[in-house]
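Reader: Please show me the model. I would like to go through it by questions.

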Amino acid sequence: MTRALGVPALAALLLLGGCDGVNPEEAMGSLGELGIHEGAVGELDLSVDALVASCQATALTLSGSIKNNWTSGIGGSTAAVYAGGTGAGGTRLGTISVPFLVGGESFPFQLSFTVPEGTQRVVVVADDDGVFEEGDEANNVAAFDFPTPCATNHGPAALCKNVTVAADATCKGVASVDNGSYDPDGFPGPFSVTQLPSGPFSLGTTPVQLDVTDGASANSCAATVTVVDTTAPALGASRGLVLTPSAGSDYVLVSLADCALPATDNCGGEVSLAQTGTLLRVSSDEPNDALSLLRLLACDDIKLSPDGKSALVRAESALLGNGRVYTFTYGVKDASGNEASGTCQVRVPALLGNPAVDSGVTYCQGAGCPAGTTGRGLLCSLLPLP
């Protein structure tokens, strides 16, 4: 719309008083000859430029500028932002306070709004309240159309998996059942994952629930955490049992519990050797047919019990030896079937009571004996079997 503010005022002055002796009619004629008419001095005009918008779910990001296309300054004004369209067909989202703009100046803006579901167009209107009469009202409005309508929030996906982990030293397990849960649109945030219970978990199988949220919507899934004991028991030390030599090189019944301290298990505490231990073999560092001080020849120095829990060993040492050392090799299992093997020793002092010194395996009975150590010996082989 053309604004004729300057020229009529000048004409009025000329008509009232003239100008240096020029009569009004001549003055008006001169104006006509100069071609001065409404709009010749420029037209007030605001426009919306460079409008750009993006929609992430229902979150709108908007940028652009309000420009003063006039050659003179324009006072502050108000622009408005609409979803859908202006009037009854749209939703007013908010306003933009535009400051005083000099001629040709632009006022940039960048805003964020939440738009209704299904919004396909956003509109910005300069001088929305019509304070200024402009030469071009058409460019006051700029619209941006989305390729696809702004959608509602896409809820998060909770993905679970069953997990099996090994128990630690405290018989607990740490695990997560999250199998890549995600938020498909990253909106509105923050995305979080919560596991209940969180752990650590006890031995066995525990039901677990996984809850996810994107800040607005939630989802959940269920799985299990199974903690298994894969650690073998820790064996106890040798008790250091010492047998007193007997006059007749008599047998002494020695059990695993007599030979070694109990084993300990990460998930079972103390493990009884009498209940879970198995004697694999017993070896001696002296020959089976060694001559002893109190009885010159005694054979079959080692006899394992049928149940594998004990052995009969002779309480003797060789006449010219440095004492006899029996080595018990045994295995022990925990409740989960994990097995450990170890040794303990039983000693018979040498002549004059000197402590026995282990000289290595010479005679052995049981499973896994070294080659050449299971025979009865030259002297004993001459005697009938008992």
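Author: N140 touches D45, L46, V48, V124, V125, A126, D127 and E134, leaving aside residues up to four places away in sequence. Here a contact means heavy atoms within 4.5 Å. This is a predicted model: local features need pLDDT of at least 70, side-chain atom pairs count only at pLDDT 80 or more, and totals for chains, interfaces and linings use all residues. Residues are numbered from 1 along each chain as its sequence is written, and side-chain values use heavy atoms, with hydrogens and water left out.

Reader: Is N140 buried or exposed?
Author: N140 sits in the loop between β6 (121-125) and β7. Buried means under 20% relative accessible area, exposed over 50%, and partly exposed in between (1.4 Å probe, protein chains only). N140 has 3% relative accessibility, so N140 counts as buried.

Reader: How many helices and strands does the protein have?
Author: Both are DSSP runs numbered from the N terminus: helices are H or I with at least four residues, strands are E with at least two. On that basis, the protein has five helices and 23 strands.

Reader: What percentage of the contacts with a separation of 6 or more comes from residues 24 or more positions apart?
Author: The protein has 386 residues, and 37% of them count as buried. Among contacts with a separation of 6 or more, the share from residues 24 or more positions apart is 65%.

Reader: How many disulfides are there?
Author: A disulfide is a covalent bond between the sulfur atoms of two cysteines. The rule used here asks for a pair of cysteine sulfur atoms within 2.5 Å. With bonded cysteines counted along the chain, the pattern is 1-2, 3-5, 4-7, 6-9, 8-12, 10-11. The count comes to six disulfides.

Reader: How many residues apart in sequence are the parts tied together by C55 and C150?
Author: A disulfide joins C55 to C150, with S to S at 2.0 Å. C55 lies in strand β1 (residues 46-56) and C150 in the loop between β7 (141-145) and β8 (163-166), so the parts tied together are 95 residues apart.

Reader: What is the handedness of the disulfide of C171 and C267?
Author: The sulfur atoms of C171 and C267 are 1.9 Å apart. The pair links distant parts of the chain, 96 residues apart: C171 is in the loop between β8 and β9 (172-173), C267 in the loop between β16 (263-265) and β17 (269-271). The torsion about the S-S bond is about 105°, so the disulfide is right-handed.

Reader: What is the handedness of the link of C299 and C380?
Author: A disulfide joins C299 to C380, with S to S at 2.0 Å. C299 lies in the loop between β18 (277-284) and β19 (302-304) and C380 in helix α5 (residues 378-381), so the pair ties together parts 81 residues apart in sequence. With -95° about the S-S bond, the link is left-handed.

Reader: What geometry does the aromatic pair of F144 and F146 have?
Author: Rings of Phe, Tyr and Trp (its six-membered ring) pair if their centres lie within 6.5 Å; planes under 30 degrees apart count as stacked, over 60 as edge-to-face and the rest as tilted. The count comes to one aromatic pair. F144 and F146 lie 5.5 Å centre to centre, with 65° between the planes, and the pair is edge-to-face.

Reader: Which residues does A232 touch?
Author: A232 is in the loop between β13 (218-228) and β14 (241-242). A232 is partly exposed, with a relative accessible area of 31%. Leaving out residues up to four places away in sequence, A232 touches D265, N338, E339 and A340.
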